[in-house]
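Work through these exercises with the coordinates open. Try each task before you read its solution.

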Amino acid sequence: VLKVEPPHGLEIQDGFADDAGEEDEALPSALFRVTIEAGNEPDSPTRMTINSQFESVEDMEKLVEMGMVEGMTAAMGQIDDLL
């Protein structure tokens with residue numbers, strides 16, 4: 001976690017670790033910026049936006065090949081239950 005701005009958002013560097021818990025620099029990482037905005041109307045839902053930034057197109061493609069889209073989709077599908 002790089003930055004926390006309650007209740008508006010946070011910034012995370014997401015990557016991989018080896019068996020010893022050390023950063024595995026052989027695999028790509030991504031920077032995620034999460035913003036949370038309350039709805040303007042009483043019945044408006046809160047909106048969460050996640051912006052992903054990669055070092056290169058190749059890093060993004062590698063993470064997509066490794067299942068990032070499916071993992072993010074599964075994680076986002078659990079948000080309502082967690083909240």
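A polar contact is a pair of N or O atoms within 3.5 Å; inside a protein, one atom must be able to donate a hydrogen and the other to accept it. Keep in mind that this model is predicted.

**Exercise 1. A serine in a loop**

Task: Locate Ser29 and find the polar contact of its side chain.

Solution. 
- Step 1. Ser29 sits in the loop between E2 and E3.
- Step 2. Look for a polar partner. The side chains of Ser29 and Gln13 are joined by a polar contact of 2.9 Å.
- Step 3. List the surroundings. Neighbours within four places in sequence are set aside; Ser29 then has contacts with Gln13, Asp14, Gly15, Phe54 and Leu63.

**Exercise 2. Trace the strand pairing**

Solution. 
- Step 4. Check individual positions. Lys3 has Glu11 in E2 as its bridge partner. Ile12 stands opposite Phe32 in E3. Ile36 stands opposite Met48 in E4.

**Exercise 3. Glu11 and its surroundings**

Task: Is Glu11 buried or exposed? Which side chain does Glu11 meet in a polar contact?

Solution. 
- Step 1. Glu11 is in strand E2.
- Step 2. Classify the residue. Glu11 has 18% relative accessibility, so Glu11 counts as buried. The cut-off for buried is under 20%.
- Step 3. Find the partner across the strands. Arg33 in E3 stands opposite Glu11. The two side chains make a polar contact at 3.2 Å.
- Step 4. Collect the contacts. Apart from neighbours within four places in sequence, Glu11 touches Val1, Leu2, Lys3, Leu31, Phe32 and Arg33.

**Exercise 4. The salt bridges**

Task: How many salt bridges does a search of the whole structure find? Classify the residues that form them by accessibility.

Solution. 
- Step 1. Count. The search gives 2 salt bridges.
- Step 2. Take Lys3 and Glu5. Their closest N and O atoms are 3.4 Å apart. Lys3 has a relative accessible area of 42%, so Lys3 is partly exposed. Glu5 is also partly exposed, at 40% relative accessibility.
- Step 3. Take Glu11 and Arg33. In this salt bridge the closest N and O atoms are 3.2 Å apart. The pair links distant parts of the chain: Glu11 lies in strand E2 and Arg33 in strand E3, 22 residues apart.
- Step 4. Classify the second pair. Glu11 is buried at 18% relative accessibility. Arg33 is partly exposed, with a relative accessible area of 31%.

**Exercise 5. A nonpolar surface patch**

Task: Which residues form the nonpolar patch on the surface? Which helix gives the largest share of the patch?

Solution. 
- Step 1. Name the members. They are Val57, Met60, Val64 and Val69. Together they have about 300 Å² of accessible area.
- Step 2. Assign the helix. H1, residues 57–65, contributes the largest share, 3 residues.
- Step 3. Inspect one member. Val64 is in helix H1. At 37% relative accessibility, Val64 counts as partly exposed.

**Exercise 6. Sequence distance and space**

Task: How far apart are Asp80 and His8, in sequence and in space?

Solution. 
- Step 1. Helix H3, residues 79–82, holds Asp80.
- Step 2. Classify Asp80. Its relative accessible area is 67%, so Asp80 is exposed.
- Step 3. Asp80 and His8 are 72 residues apart in sequence. From C-alpha to C-alpha, Asp80 and His8 are 18 Å apart in space.

Note on methods:
Residues are numbered from 1 along each chain as its sequence is written. This is a predicted model: local features need pLDDT of at least 70, side-chain atom pairs count only at pLDDT 80 or more; totals for chains, interfaces and linings use all residues. Side-chain values use heavy atoms; hydrogens and water are left out. Two strands pair if DSSP finds at least two bridges between them. Helices (H or I, at least four residues) and strands (E, at least two) are DSSP runs, numbered from the N terminus. Buried means under 20% relative accessible area, exposed over 50%, partly exposed in between (1.4 Å probe, protein chains only). Contact means heavy atoms within 4.5 Å. Patches are made of residues with over 30% relative accessible area and no salt bridge: like charges are joined within 9 Å, nonpolar side chains (Val, Leu, Ile, Met, Phe, Trp, Tyr) within 5 Å. Accessible areas come from the Shrake-Rupley method with a 1.4 Å probe; for residues, only the protein chains shown count as cover. A salt bridge is a side-chain nitrogen of Lys or Arg within 4 Å of a carboxyl oxygen of Asp or Glu.
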